[in-house]
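Here are a few friendly notes to read alongside the model. Keep the 3D view open and look up each residue as you go.

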Amino acid sequence: MYKNFVPRVAAIHDLSGFGRSSLTVVIPVLSTMGIQVCPLPTAVLSTHSAFPDLHFCDLTDDLTPMIEHWKRLDLHFDAIYSGYMGSARQIDIVRKFIRDFNQSGQLVVVDPVLGDNGKLYRSFSAEMVDKMKELVCDANVITPNMTEAALLLDEPYTENLDEQELKDWVKRLAAFGPQTVIITSAPVTDKRGKTSVIAYNSTDNRYWKVVCDYLPASYPGTGDAFASVITGSLLQGDSLPIAIDRAVQFISMAVRATFGYNYQPSEGILLEKVLSSLNAPVQLSSYQLLD
Ligand code: PXL
């Protein structure tokens, strides 16, 4: 069997030059965690899409020739990890990539990037939502935020779901195909000033929850950092609740490192200040098993 000396990930995300999202977050996080990142860029943008007047180069027509070259090189990937798509049409190409590069024991993480705070990201349409519903079927692990979970389930966006309803959402998302569903920015209706991550693994039928403090700020790219830590942690052999704990702690630390400055949130979390913490052993773990 083929073995990479360092775990290798095919990272199918856009490259946004400014604003700390997508590949400019995925690469440093996974490299710091000792994982080789091979980017397959879905688009090149001057900035992420929250800035006005950005320049956008769609790479849909370049993906297949790039993938064909990788096939000629007979590359093997321990994980395939996708995020922001440059077009809805790309999703069929990415699905074929997942089929063609499939190998046993491979991790397939799909972060179904569609929107945040109840809204679709600029430049996305209902067609992107429909295609994303197909892409999540091919994953082992998906990491939607509440907005994306609602869009995938055709539910209205709400911040008022209780724990039982959140358990229903993760289970319904697992019915699309992925064994593991992790919903971020999930509400904690019985505690003020808190937010949570809720997860479900269909192979052992267990639900997990990690609660953390909510700070009133929203930084683009935190979802990318979260899903990247999950990918790195699972590749390092961590259990699902430990992977979630590590990702929550990393994001909390990054948000706290950023929040105290008088700073434009659109520039993203100050990732560079906290990257090295990814090398520290898990210090304190706060996950709960839900009944
Ligand atoms: O963080 C998700 C993301 C990725 N890529 C681009 C984005 C966003 C969110 O705004 O605009 C281009």
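1. Let's begin in helix H4 (residues 126-135), where Lys-133 and Asp-130 are 3 residues apart, so about one helical turn separates them. Please bear in mind that this is a predicted model. The side chains of Lys-133 and Asp-130 meet in a salt bridge, with 3.8 Å from N to O. Lys-133 has 18% relative accessibility and counts as buried, while Asp-130, at 44%, is partly exposed.

2. Now look at another pair in helix H4: Lys-131 and Glu-134 also sit 3 residues apart, about one turn of the helix. Their salt bridge brings the closest N and O atoms to 3.1 Å. Lys-131 is buried, because its relative accessible area of 15% falls under the 20% cut-off. Glu-134, at 29%, is partly exposed. Both residues belong to a network of salt bridges that also links Asp-92, Arg-95 and Asp-138.

3. What about a pair from distant parts of the chain? Lys-194 forms a salt bridge with Asp-213, their closest N and O atoms being 2.7 Å apart. Lys-194 lies in strand E12 (residues 194-201) and Asp-213 in strand E13 (residues 206-213), 19 residues apart. Lys-194 is partly exposed at 30%, and so is Asp-213 at 42%. In the whole structure, a search finds 18 salt bridges.

4. Finally, visit strand E1 (residues 8-12): 5 of its 5 residues are buried, so the rest of the structure largely encloses it. Arg-8, Ala-10 and Ile-12 point one way, Val-9 and Ala-11 the other. Strand E1 runs parallel to strand E3 (residues 36-39), joined by 4 bridges, and parallel to strand E6 (residues 79-82), also through 4 bridges. Arg-8 partners Gln-36 in E3, and Ala-10 partners Ile-80 in E6.

Key. Residues are numbered from 1 along each chain as its sequence is written. This is a predicted model: local features need pLDDT of at least 70, side-chain atom pairs count only at pLDDT 80 or more; totals for chains, interfaces and linings use all residues. Side-chain values use heavy atoms; hydrogens and water are left out. Buried means under 20% relative accessible area, exposed over 50%, partly exposed in between (1.4 Å probe, protein chains only). Helices (H or I, at least four residues) and strands (E, at least two) are DSSP runs, numbered from the N terminus. Two strands pair if DSSP finds at least two bridges between them. A salt bridge is a side-chain nitrogen of Lys or Arg within 4 Å of a carboxyl oxygen of Asp or Glu.
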